[in-house]
Amino acid sequence: MTTASLLARVKARFDDPDQAIYDDASWVAYLNDAYKWVASSSPYWPFEETRATVSVTAGANAGDLPTGCTQVNLVWDQTNGIVLTPFGNRKQHAQYLPYATEQGTAWWYRLFNDTLEVYPAPAATTSYTIEYFGPLATLVAGSVDPAIPEVHQGVISEYALYLAYKDDDDDGNAQAHKAEALELLTRLATDLTANRTDSYQDVVDDAYC
């Protein structure tokens, strides 16, 4: 479903036949607020997963993370074929700080503010591919559409309608649409945050048992 079709949907379902209360820009703003509400309800939505490259110069420990990066799932040094290991807690890296000037192949990483720190510092400028959760693009009717699977996009329109009725002081309709949005959000979470990898039982050859 496109943002334009979501816009048409909420306008048609809102009790405003003359479209005198909200214009298209207001409706798109409600849709974006609803989109952000869905995104913020879980840090693990698969539609927020993406990849980028972070470059760390020779002898340095840090490179800039992509804008809006909230959680890193994987750091991969493709040059050396190494998956880096994250430090287990916020203080563990301290034991390596006396050797911060040591150079070699990085084996560990940590996040600090908006940087990716690797230890030890690479001896040559190295690019690290990272997989991470990042921000969703703002919806724009006609150009930017939701990343959420179409079958679940009703959650956006329902929450947008909740916001619109709430601002219009129609608490009855507002609460009805909020309840529907919460139910659809539960379905979305069930479908998209469960185990997404098929798991098969091991086949045991017991012919000679």
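Predicted model: local features only at pLDDT ≥ 70, side-chain atom pairs only at ≥ 80, totals over all residues.
Around it, the protein has four helices and 10 strands in its secondary structure.

**The antiparallel sheet, in detail**
- Strand β3 (residues 71-77) pairs with β4 over two bridges, in the antiparallel sense.
- Within that part of the sheet, Trp-76 has Val-83 in β4 as its bridge partner.

**The mixed sheet**
- Another open sheet is formed by four strands in the order β2-β8-β7-β5, and here the pairing is mixed.
- Its edges are β2 (62-64) and β5 (85-86), each with a single partner strand, so one side of each lacks a neighbour in the sheet.
- β2 runs antiparallel to strand β8 (residues 115-119), and three bridges join the two.
- Looking across to β8, you will find Glu-117 opposite Ala-62.

**Helix α2**
- Helix α2 covers residues 24-40, and at 1.5 Å a residue its 17 residues should span 24 Å; the end C-alpha atoms are 24 Å apart, so expectation and model agree.
- Its buried residues are Trp-27, Val-28, Tyr-30, Leu-31, Asn-32, Ala-34, Tyr-35, Trp-37, Val-38 and Ala-39.
- An α-helix has 3.6 residues a turn, so residues three or four places apart point the same way.

**How α1 and α3 pack**
- The axes of α1 and α3 lie 10 Å apart, and the two helices pack at an angle of about 45 degrees.
- The crossing of α1 past α3 is right-handed.
- On the α1 side, Leu-6, Arg-9, Val-10 and Arg-13 make the contacts.
- They meet Gly-154, Ile-156, Ser-157, Glu-158, Ala-160, Leu-161 and Tyr-165 in α3.

**The chain as a whole**
- Read from the N terminus, the elements run α-α-β-β-β-β-β-β-β-β-β-β-α-α.
- Of the protein's 209 residues, 38% count as buried.
- Among contacts between residues at least 6 apart in sequence, 68% join residues at least 24 apart.

How values were computed. Residues numbered from 1 in each chain as written. Heavy atoms only, no water. Expected span 1.5 Å × (residues − 1). Buried < 20%, exposed > 50% of the residue type's maximum accessible area, 1.4 Å probe, protein only. Pairing = 2+ DSSP bridges. Axes fitted to C-alpha atoms, helices over the stretch in contact; angles between N-to-C directions. Left-handed = near helix turned anticlockwise from the far one by under 90°. Contact = heavy atoms within 4.5 Å.
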